[in-house]
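Try each task before you read on.

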Amino acid sequence: MIATNAPDFAALFPSGGRLAGLAVGTKTIGVATCDVNWSFATPDKTIKRTKFTADLAALKAVLAAHSIVGLVVGLP
């Protein structure tokens with residue numbers, strides 16, 4: 001599900017959980033993760049883009065390692 005404002009987004013996760021923020025560029029995908037209380041975020045990994053399937057596999061690995069429940073994608 002896609003939410004375009006903070007209250008609608010928060011309502012999607014009533015029990016909380018960790019989020020990941022993505023900064024998607026043409027050469028890299030920057031990933032930041034936050035704590036379960038959504039209080040602070042820290043940089044996690046920069047994925048060097050290659051092919052879509054490899055990029056997706058790398059992103060899935062990061063998300064699984066941190067038990068991510070939602071994504072916040074930045075706009076350029």
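Helices (H or I, at least four residues) and strands (E, at least two) are DSSP runs, numbered from the N terminus. On this scheme, Arg49 sits in the loop between S3 and H2. The model is predicted.

**Exercise 1. Confidence**

Task: Find which element has the lowest mean pLDDT and which has the highest.

Solution: 
- Step 1. Start with the whole protein chain. Its average pLDDT is 91, and 99% of the residues score at least 70.
- Step 2. Go to the elements. H1 has the lowest mean pLDDT, 87. Helix H2 (residues 52–65) has the highest, 96.
- Step 3. Where pLDDT is low, predicted coordinates should not be read in detail.

**Exercise 2. Aromatic pairs**

Task: Classify the ring pair of Phe9 and Phe13, then that of Phe9 and Trp38.

Solution: 
- Step 1. Rings pair if their centres lie within 6.5 Å. By this rule there are 3 aromatic pairs.
- Step 2. Take Phe9 and Phe13. Their ring centres are 5.2 Å apart and their planes meet at 65°. Over 60 degrees counts as edge-to-face, so this pair is edge-to-face.
- Step 3. Take Phe9 and Trp38. The distance is 6.1 Å centre to centre, with 40° between the planes. This pair is tilted.
- Step 4. Phe9 is in helix H1 (residues 6–11). Trp38 is in the loop between strand S2 (28–34) and strand S3 (41–48). The two residues are 29 residues apart, so the pair links distant parts of the chain.
- Step 5. Ring pairs join Phe9, Phe13 and Trp38 into a cluster.

**Exercise 3. Loop residues**

Task: Find the phi of Trp38 and of Ser67, and say where each residue lies.

Solution: 
- Step 1. Recall the general rule. Most residues other than glycine have a negative phi.
- Step 2. Trp38 is not a glycine, yet its phi is positive, about 60°. Trp38 lies in the loop between S2 and S3.
- Step 3. Ser67 is not a glycine either, and its phi is positive at about 55°. Ser67 lies in the loop between H2 and S4.
- Step 4. His66 is also found in the loop between H2 and S4.
- Step 5. Return to Arg49. The C-alpha atoms of Arg49 and Val24 are separated by 9.5 Å; these residues are 25 residues apart along the chain.

**Exercise 4. Pocket and core**

Task: Describe the lining of the largest pocket, then the largest nonpolar core.

Solution: 
- Step 1. The largest pocket has a volume of about 210 Å³.
- Step 2. Its lining residues include Met1, Phe9, Phe13 and Val73.
- Step 3. H1 and strand S4 (68–73) each supply at least two lining residues. S4 gives the largest share, 4 residues.
- Step 4. By class, the lining has 9 nonpolar, 3 polar and no charged residues.
- Step 5. Turn to the core. The largest nonpolar core has 9 residues, among them Ala20, Ile29, Leu59 and Ile68.
- Step 6. Strand S1 (18–24), S2 and H2 are the elements that give two or more residues to this core. H2 gives the most, 3 residues.

How values were computed. Residues numbered from 1 in each chain as written. Predicted model: local features only at pLDDT ≥ 70, side-chain atom pairs only at ≥ 80, totals over all residues. Heavy atoms only, no water. Phe/Tyr/Trp six-rings, centres within 6.5 Å; stacked < 30°, edge-to-face > 60°. 1 Å grid on protein atoms, 1.4 Å probe; cavity = no way out; pocket = protein on both sides within 12 Å on 5 of 7 lines; lining within 4 Å. Points joined across faces, edges and corners; volume = space filled by probe spheres on them. Nonpolar A, V, L, I, M, F, W, Y, C, P; charged D, E, K, R; others polar. pLDDT = per-residue confidence, 0-100. Core = buried A, V, L, I, M, F, W, Y, C linked by side-chain atoms within 4.5 Å. Buried < 20%, exposed > 50% of the residue type's maximum accessible area, 1.4 Å probe, protein only.
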